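Subject: Handing over the two-chain model

Dear colleague,

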Amino acid sequence: MSSSNNNNNKYCEEEEEEDIFYGRRNNKKKRMFEIEAFKHKVVVDPKYGDKTWMILEHAINQIYNHNASHLSFEQLYRNAYNMVLHKFGETLYTGLISTMTSHLTAMSQCIENTHGEMFLEELNSKWTDHNKALHMIRDILMYMDRTYIPSNRKTPVHELGLSLWTENVIHLSGIQTRLRTTLLQLIHKERTGQVVNRGLMKNIIKMLSDLGPLVYQVDFEIPFLEASGEFYKVESQNFIECCECGEYLQKADRRLQEEIDRVSHYLDTKSESKIVHVVEKEMIENHMTRLVHMENSGLVKMLVDDKYEDLRRIYNLFHRVPNGHVTIRDVMTSYLRETGKQLVTDPEKLKDPVEFVQCLLDKKDKYDEIISLSFSNDKTFQNALNSSFEYFINLNPRSPEYISLFVDDKLRKGSKGVSEDDVEVVFDKVMMLFRYLHEKDVFEKYYKQHLAKRLLAGKDVSDDAERSLVLKLKTECGYQFTSKLEGMFTDIKTSQDTMEGFYSTHGTDLGDGPTLAVQVLTTGSWPTQSCVACNLPTELLSLCDKFRSYYLGIHSGRKLSWQTNMGTADLKANFGKGQKHELTVSTYQMCVLMLFNNADQITYKEIEQATEIPSLDLKRCLQSMACVKGKNVLKKEPMSKDIEEEDVFLVNDKFTSKFYKVKIGTVVAQKESEPEKVETRQRVDEDRKPQIEAAIVRIMKARKVLDHNNIISEVAKQLQPRFLANPSEIKKRIESLIEREFLERDASDRKLYKYLA
Amino acid sequence: MTDNLRITMTDLDDIDLSPADFLHPLFKKKVPHGDVFEASRAGDITRLTYLLESGINVNARDQWDSVALYYACLAGHLDAVKLLLENGAICSEHTFDGDRCHYAALNLKVRKLLKAFEARPPPLGPLAGDLREMFLGCLVNRSCLELVDGESQFTGDVSTGAPSPGSFPPDVTFYIHGRPIEAHRVILSARSPYLKKKFQTDWKTRKEIKFSKEKLSYPAFYSLIHFFYSDRLEIAVDDMEDLARICKVCKCESLQRIIEKEVTHQKYADYKSLQDLDNSQRRYILQGSSLPEEDRLPAALSRLLNVSLDNSIKEEKCDDTVPRIEGLKLSEFEDDLADVCIKVDDKIFRCHQVILASRSEYFKTRLSRMEDFREGKDGLPDYNLPVLEERDLSMEAFEKMIEYMYTDSLKDIDPDQAEEMFDAASRYLLFPLKRAVADALLPHLENVPPSELCHWLILSDLYGVLKIREYCLDIIASNFETFADTREFRTMLLTLPPPSGDSSLRTTIPNAPGAEMKMTEGNILDDLREKWLEVEAGELDKRDEDVLLFDKRLEMLMLVAEKEQSAE
């Protein structure tokens, strides 16, 4: 510090105040600091600090009185700077506090004295004043802010101004509670639909949050949240008493939106999550179960009526609260299981397999729609849906059969007016159902039977549709599952080739006799029933023998056996009035009809003897020819519905038909009859045995030693894609394997099995 | 250098390397005549320091395409690596040189060091640093930077439009394909002759300038503007050809040459990245030090300053209070682009708001407060620029000060001026200026009489010039008796606050790191005692006795001083 200039009019009162300390520097005197400098102490006028502070205090007062435009920033800053530089920082700082405090006290007086509505306005305008003044003061005292304050660990000017405001205005007992209640009242007003001055609210709340998070929380946020909780508790109670579920949710949604809106308009953004949480808790969480189970309008009702809009709302709202979705999902699942169970056990529905499967598909569609439209394709909901379907579809042991029948129906009826794409869609849906099945091997069994019938009857609409379905099954269950099905297709194909070959070699020497079409079916691929071959008419026998010798000539080492129960025949018949018809009949029927070439009247016994058709089949085939109206090419004595042993048959000369071709179907139950069902079941069980054994051996080969429980669980796991293995059955298989010395029990621990290689 | 040292000492804490790592155990080859590459490879710190101080370009490549840092990393000279990094060597990832250095690092310690420096703000001079902050202070620019960094975050600040505290309002906005960049005319004019001409002619009154040419790419232009402010270019390799074109238009020739050369280099460059990187990630970083001196930021602003100074009017100290400024001069003056006048003493300086504001918080506040206070309203008649008056300051000192503000350097400081400069530096919150003045002053102090040294001690304590204060205390402590015999010293003792008797305040470990920080407001005599103890005192137990001894001695001296005073 140069003191060289103290001889320069130092405290020249008549000049401007700002020059109290320094005179203007004169450069020529600069060189003088040397030795004289220390003769006079560096300490200046002891009153310097006070005097300068007077100037600054005056300036601060002016600033608070809006007279700042008469002040010189440069001068004030310089004075403040010099004060701090010459260690009067303390004076300056304490002076600042007391001056500001006095101004704030005056302000708070003004604010307290306002009445009613004006309170907030006054508070706001005073706050704006203070804030503006504070910024100016901070700028003037910038040097102090930068040097004195950090080194003395004081509060910076701006923060000081804020905390003084809090202390002297906001936390004044006359103001604090009044402010709080006013704000809460205004918000309440707005909630009840009145218009409030949002701009003012915004300013006041901005002020509180500027004063620090603590002030904002204590003076506004916490009471605000409490009041909101109270408000919504009452409101939600009122709503729930008088509203339907959908309506209530709409209201809750609107309230939620209002609160978010409010936050964006005049609250601190950090409050958003908190207030939203309050609304969620009061309006949704507390009434969750009641809402869902509301009579006539709850979730179940929405599901039944396909109220996508309401469902979406409930989904979105419940998403906000813990366990919200779980609640919805549980209700949906239990409802689904309930209705599904009713469906699959409904005896009415069970009468028509196609109808039954169609119902399942419709149900699935409905819920898929709901999940995609309202539940935003939520994975957990999809899983819930799947598990519910899996649960009730398997409640009915006949589901595999029905699904296969449904497919059969679709394929038979064919794509009459239905495009291939639509068929694909249906099949995709069927595959969904198929996935739910536990006993996939049962399905396979039925499917094979139905496919065989379609193939042999040449009825399949399109090879493409058949093959695409097989392909789907293949992708679903693997090669093994469909290899036999594919074998069936190949058989049909090769058979055509074989027949062409047969006729090109033997065509000439066959003459006018009957035409033969043989389909050679590989044993094992087809669901053949071991059947007694019937006696074919003599006209055919020679032809058949020729084919047999032709076929065995090409393929040596094969064995052919005739499956007469699966064939068909086209017969040309002349009736009484010279009417000619072509009759499409089964092989059995053909055999029977051929007998009438040699006789007019034959008894049942005679037919049975001549043809050696099993009596059950024979009865069916006679029934179809004698008892069905429009197809009755035979007459029966006596004319009763059922075929008796003593019945006599003769050709119905009066047979007429509009068509030249007449197809005579066998009376055959589409659905399996009880004994057949048992039989299929037995065969399925029989087929499962080697599969279970194979699985056991595979596992044991890898593990060498394993205990009983683990084997059971691993086998069940391995076989799951095909069927659910029964533990007791697995146990039986294990025992059988032990007998055959594939496995042995451990000598010490009976529960352990060892693999014997 | 001491100042530098202190920073690095504290920095070591957070990069998790012990100081011992830097004490190199290996033999150091000395390469007294080697270039920077040899010195880096050898780890010859002495030579390297010398070279760096002589102002070589630390990021230059040798004939093998390698930079000095690469050799230092390869050889594992941790201290050399640090030295180079502190002097602005580039080690950023995804740059050709940076990746090579990371890749070549001998061990994890070197890599750690590189990482630590990479995470730091770029080493810029105070001027470039301040201007960079000013540029990024413009909200629009910062949001762009964030976009570039991949964190798109348009927060509510943009919508409220409140200028962030660090910014000074820009006076021109460029829109390139609709994306804005805010800038200050002065800076752009100083850096590019083309832009200067444009601002004087076509764009004279325009606040917004829109470009929609296909060829002008936003990232390249942004990088260039950023470079104008900070003297540091950071650009994706993909944008470099665009940049070269822009440079050509803007007539930034030396930059254009470097960029073009680099474009060809990048074509064949083999990146040694630790991870795979695609082309768009590659960056190129250029420090101002790679450019010829006259094309760097300080030189550009110095030219600007010289023009302004030439235009500044020295008022004749005549009695008439109305300054005589002829109207005809107004138009002539436009070429300096000044937008504010500062009246100091008798002279009116034509200055640039953006530079004053970015260098000094005082000026920033002052300029933005022109509305609220009296200033700015009583501008001089016939004069369309606002005029601010600074008192208690000589125009010579002010001229020096703005010289520093514009150029970051001080030429020939008169020791007599030093005091006033200290005053100005602290008053205008230009703390780096204090250091610069102190550096200029130190050589002078070596041959001043003890009496004057006491004066400097008082001064440096008052203005918080640590370097000088420390120096004086050292001298006094080591020559205590000489000073005790000086009358000025004794007189000074009387003016100082007494030393604290509390021994707990004393540091028992002399010169602990961070001790200097406390001295800002510390008691001079306490510090002097510490220094004295360091020089004179014995160990542990004896130390306390010596303390008492010293205090006694001081008391005695003060008594003498009092007697002397009363005798007068």
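The notes below start with conventions and confidence and then turn to particular places.

This is a predicted model, in which local features need pLDDT of at least 70 and side-chain atom pairs count only at pLDDT 80 or more, whereas totals for chains, interfaces and linings use all residues. Residues are numbered from 1 along each chain as its sequence is written, chains are lettered from A and ligands numbered from 1 in the order in which they are written, and side-chain values use heavy atoms, with hydrogens and water left out.

Confidence

The pLDDT value is the predictor's confidence in each residue, from 0 to 100. Chain A has a mean pLDDT of 81, with 90% of its residues at 70 or more, while for chain B the mean is 75 and 76% of the residues reach 70 or more. In chain A, pLDDT stays under 50 over residues 1-43, a stretch for which the model has 69 contacts beyond four places in sequence; a contact here means heavy atoms within 4.5 Å. In chain B, pLDDT likewise stays under 50 over residues 148-166, with 14 contacts beyond four places in sequence, and over residues 316-333, with 15 such contacts.

Chain A

In chain A, the axes of helix α17 (residues 353-374) and helix α20 (residues 420-436) come within 10 Å and cross at roughly 95°, which makes α17(A) roughly perpendicular to α20(A). For such angles, axes are lines fitted to C-alpha atoms, for helices over the stretch in contact, and the angles run from 0 to 180 degrees between N-to-C directions; under 35 degrees counts as roughly parallel, over 145 as roughly antiparallel, 65 to 115 as roughly perpendicular and the rest as oblique. Where the two helices meet, α17(A) brings A:V357, A:L360, A:L361, A:K364 and A:D365, and α20(A) brings A:K429, A:V430, A:M432, A:L433 and A:Y436.

A:R255 lies in helix α10 (residues 245-266) of chain A and counts as buried at 10% relative accessibility, where buried means under 20% relative accessible area, exposed over 50% and partly exposed in between, with a 1.4 Å probe and protein chains only. Leaving aside neighbours within four places in sequence, A:R255 is in contact with A:R191, A:F231, A:Y232, A:E235 and A:M283.

Chain B

Chain B has 29 helices and nine strands, and buried residues make up 53% of its 568 residues. Of the contacts in chain B with a separation of 6 or more, 69% are between residues 24 or more positions apart. Helix α5 (residues 78-86) of chain B has eight of its nine residues buried, so it is largely enclosed by the rest of the structure; the buried residues include B:D79 and B:K82. Just after α5(B), B:G88 takes a positive phi of about 95°.

B:G288 lies in the loop between β5 (283-287) and α16 (297-311) and is buried at 6% relative accessibility, and, residues up to four places away in sequence not being counted, B:G288 touches B:D231 and B:R296. B:D231, in the loop between α13 (218-230) and β4 (232-236), is buried at 9% relative accessibility, and its phi is near 60°, a positive value in a residue other than glycine. B:D65, in the loop between α3 (45-53) and α4 of chain B, has a phi near 70°, also positive in a residue other than glycine, and is partly exposed, with a relative accessible area of 29%.

With kind regards

Definitions and conventions:
Helix = DSSP H or I, 4+ residues; strand = E, 2+ residues; numbered from the N terminus.
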